[in-house]
Structures are given as C-alpha cells and as structure tokens.
Amino acid sequence: MIEWIAGYSPVQQALIGTLFTYAVTALGASMVFFFKVISKKVLDGMLGFAAGVMIAASFWSLLAPSIDMSEQMGLIPWVPPVLGFLAGGVFLRLVDKILPHLHLNAPMTEVEGVKTSWHKSILLTLAITLHNIPEGLAVGVAFGAVAAGIPSASLAGAVALALGIGIQNFPEGAAVSIPLRREGLSRTKSFLYGQASGVVEPIAGVLGALLVLVMQPVLPYALSFAAGAMIFVVVEEAIPESQSSGNTDIATMGAMIGFAVMMTLDVALG
C-alpha cells in the first residue's frame with residue numbers, strides 16, 4: 001500500500017488518507033442497520049479505545065516529529081511544539097464555545113455553543129464532528145510533512161496515522177448513529193447523520209496538507225497544533241463520556257489498548 005500511495009501528490013495522499021478515515025466512520029455508523037441499542041459497557045470501551053488512539057497519535061505522530069523538526073530547523077526545540085500545542089487547544093475551545101452541539105447522553109438543557117433551535121440529532125452529530133476536525137488536520141499535515149522532505153517524517157508514518165485514526169473512527173460513527181436510532185430516528189436517517197460527522201475530515205486533511213506545502217516554516221507548529229486540538233477533544237469529551245456511566249475499568253482498559261495499537265502502528269510502520 002505504501003508503494004501505491006507514493007505515486008500520488010501530497011494533497012492527493014491526504015485526500016486518500018482522510019477519505020479512508022471518513023469511510024470507517026461511515027462503516028461504524030452502518031452498525032445502526034444491525035443494532036438498535038448497544039451495550040453501554042461496549043460503547044464506553046470503544047470511546048476509551050478512541051481516546052487512547054488519539055493520545056498516542058498526538059505524541060508519536062505529531063509532537064515527537066514537531067520537536068525533531070524544530071531542532072533541524074535551528075529553532076529552540078521546545079518552543080514550536082509548546083506554542084502549537086496550546087494554540088490547538090485554544091482553537092478547539094473557541095469552536096466548542098461557538099458551534100452548537102450536544103454531548104452523548106446529555107439532556108437538551110446542556111446544549112453547548114451559541115443558542116439554537118436545531119434538532120437533537122444535528123447537535124449530536126456536530127459534537128462528533130468536533131472530534132474529526134483535528135483528526136483530519138493531523139493526517140493532512142503528516143502527509144504534507146513527508147513532501148517537505150523532513151527526515152523525521154515518513155510516508156509509512158503518515159499512513160500509520162491514517163490507519164490509527166480510521167480504526168478509532170469506527171466506534172465514533174456507531175456512537176452517533178445508534179443513540180439517534182434509540183431517539184426514534186429511522187435507521188437510514190441515523191446512518192446519514194452518523195456518517196456526516198466524518199465528512200469534515202477530508203476537508204481538514206486537504207487544507208492541512210496545502211498549508212504545510214505553501215508555508216513550510218509553520219510545519220512544526222502545524223503538527224503540534226493538531227496534537228493540541230486532539231488532546232483537547234480527549235480530555236474535554238472522550239474520556240469523561242467514556243466514564244460517565246461508571247464503567248471506569250472498561251473505559252480505562254479500552255484507552256490502554258487504543259494507545260498500544262496506535263503506538264504499535266506508528267513504530268512498526270513509521
């Protein structure tokens with residue numbers, strides 16, 4: 001697969017990678033055609049798994065290369081990673097405050113963002129869409145870093161990141177569609193909303209790749225920015241939701257397994 005994708009331009013590679021992650025989101029959403037309900041323990045374990053993958057990807061695929069690149073570019077090694085990481089968290093916090101959304105299992109009285117009359121189904125979808133912005137950006141920036149000729153960035157590493165993000169998108173797709181089915185939506189509508197949460201990933205991926213190709217000096221900042229945005233999502237939403245029903249052991253083990261899977265992918269392929 002590495003040889004096949006190497007024949008494409010960085011932007012095309014980012015598009016292919018994020019179309020894959022979107023497709024896995026849609027596959028997860030398709031579970032609504034087979035299940036109307038899902039065990040809360042299973043859902044919490046899957047959300048914990050997703051959190052573990054995102055934490056591992058943030059370091060192994062984004063922060064570590066950002067530190068290496070900063071050093072290679074003659075910069076103070078810790079400055080771009082720290083600034084980009086914090087900027088990513090601030091950006092997601094601003095989006096979180098503005099974009100109307102509703103976390104899983106939360107009542108309508110706890111809608112976040114600007115006031116709106118949107119239906120609960122849309123608000124739930126937008127909550128998962130927030131996850132997918134930094135994930136798509138991370139994949140796009142990773143492929144852009146390879147094209148920039150940075151020694152610590154490899155095509156195999158970018159592919160590993162896309163695979164890891166894709167794997168954890170499966171439970172995210174199911175986490176949208178199945179609760180919507182339980183709310184009374186048809187299976188088809190529940191699926192459409194679930195897969196729609198991943199549409200933003202190809203857009204963010206292509207923009208990320210274009211950004212680092214046009215402005216190479218921002219690459220260390222862009223990598224750590226994506227990492228900061230993902231960690232914000234993990235701490236603000238994924239981990240709290242995975243443990244909100246008391247299934248802390250299951251959610252924690254899911255996170256451990258997710259971290260181990262992503263670390264293995266990055267080290268083995270990168």
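**Figure 1. Lys40 in helix H3 of the predicted model**. At 25% relative accessibility, Lys40 counts as partly exposed, because that class lies between buried (under 20% relative accessible area) and exposed (over 50%), with a 1.4 Å probe and protein chains only. Lys40 belongs to helix H3; helices (H or I, at least four residues) and strands (E, at least two) are DSSP runs numbered from the N terminus. The side chains of Lys40 and Asp44 are joined by a polar contact of 2.7 Å. A polar contact is a pair of N or O atoms within 3.5 Å; within protein, one must be able to donate a hydrogen and the other to accept it, and residues adjacent in sequence count only if both atoms are side-chain atoms. Between the C-alpha atoms of Lys40 and Trp4 the distance is 40 Å, at a sequence separation of 36 residues. Residues are numbered from 1 along each chain as its sequence is written. Because the model is predicted, local features need pLDDT of at least 70 and side-chain atom pairs count only at pLDDT 80 or more, while totals for chains, interfaces and linings use all residues; side-chain values use heavy atoms, without hydrogens and water.

Figure 2. With 14% relative accessibility, Gly45 counts as buried.

**Figure 3. Thr25 in helix H2**. Thr25 sits in helix H2, which spans residues 10–29. Its relative accessibility is 1%, so Thr25 counts as buried. The backbone oxygen of Thr21 is reached by the side chain of Thr25 at 3.1 Å. If residues up to four places away in sequence are not counted, Thr25 touches Asn169, Gly173, Gly194, Ser197 and Gly198.

**Figure 4. Ser224 in helix H9**. Ser224 is part of helix H9, residues 219–242. The relative accessibility of Ser224 is 0%, so this residue counts as buried. At 3.5 Å, the side chain of Ser224 reaches the backbone oxygen of Pro81. Pro81 is also one of the residues that Ser224 touches, the others being Leu63, Ser66, Pro80, Gly84 and Phe85, with residues up to four places away in sequence not counted.

Figure 5. For 270 residues, a compact globule would have a radius of gyration near 18 Å, and the value of 18 Å for the chain agrees; the radius is taken over C-alpha atoms, and the globule rule is 2.2 Å times the number of residues to the power 0.38. Along the principal axes, the C-alpha atoms fill a box of roughly 55 × 35 × 35 Å. Of the 270 residues, 53% count as buried. Among contacts with a separation of 6 or more, 80% are between residues 24 or more positions apart.

Conventions:
Contact means heavy atoms within 4.5 Å.
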